[in-house]
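Good morning. Please look at the model on the screen while I go through a few points.

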Amino acid sequence: MAALRTAEVAEQAGVNVETLRFYERKGILPEPPRRASGYREYPAETVERVRFIKRAQELGFSLKEVQDLLDLRQTARAKAGRVRKVAEAKLEEIDHKIRDLEAMKKSLTDLLCACDGQKTVASCPIIESLSGCPRCRDTE
């Protein structure tokens, strides 16, 4: 297959050109060789690699974790169990974030219930709570 220019890779992978440059700066995408004209020449498999990176990010994996997955993928004797452990750790992290978000939602819901919107801003339970008002902590 022919080498691809930056815009072609970006279009086929569904990202913008700056995303490719960002991945190169972070080291997750190898910097491709350049033509004499200075244009980058990406190997065709770069499109699939960028799609892999984007999909992993959509699932919540950090660039470091994506790099680890890419490294595992390139290791001929790597076992899928190692990939599974990475995915299990990510799922646990997501569950923790969900619990944190649910606690935040409950606190904010309680504050909204305590605020009828009729008082002055100075006596608003939401503002008081955000200011660290000791009596407001009971509302949270």
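Which residues of the largest nonpolar core touch the most other members? They are Val9, Leu20, Val50 and Val66, in a core of 18 residues. By nonpolar core I mean a set of buried Ala, Val, Leu, Ile, Met, Phe, Trp, Tyr and Cys residues joined through side-chain atoms within 4.5 Å. Buried is under 20% relative accessible area, exposed is over 50%, and partly exposed is in between, with a 1.4 Å probe and protein chains only.

At least two residues of this core come from each of α1 (6-13), α2 (17-26), α3 (46-58) and α4 (63-74). The most come from α3, which gives 4. Helices are DSSP runs of H or I, at least four residues, numbered from the N terminus.

A caution on the source: this is a predicted model, where local features need pLDDT of at least 70, side-chain atom pairs count only at pLDDT 80 or more, and totals for chains, interfaces and linings use all residues. Residues are numbered from 1 along each chain as its sequence is written, and side-chain values use heavy atoms, with hydrogens and water left out.

Back to Val66. Not counting residues up to four places away in sequence, Val66 touches Ile28, Phe52, Ile53, Ala56, Gln57 and Phe61; contact means heavy atoms within 4.5 Å.

Next, Thr46, in helix α3. Thr46 is buried, at 6% relative accessible area. Neighbours within four places aside, Thr46 is in contact with Val9 and Leu29.

Last, Leu108, in helix α5 (residues 80-114). Leu108 is partly exposed, at 47%. Its C-alpha atom is separated by 57 Å from that of Ser37, 71 residues apart along the chain.
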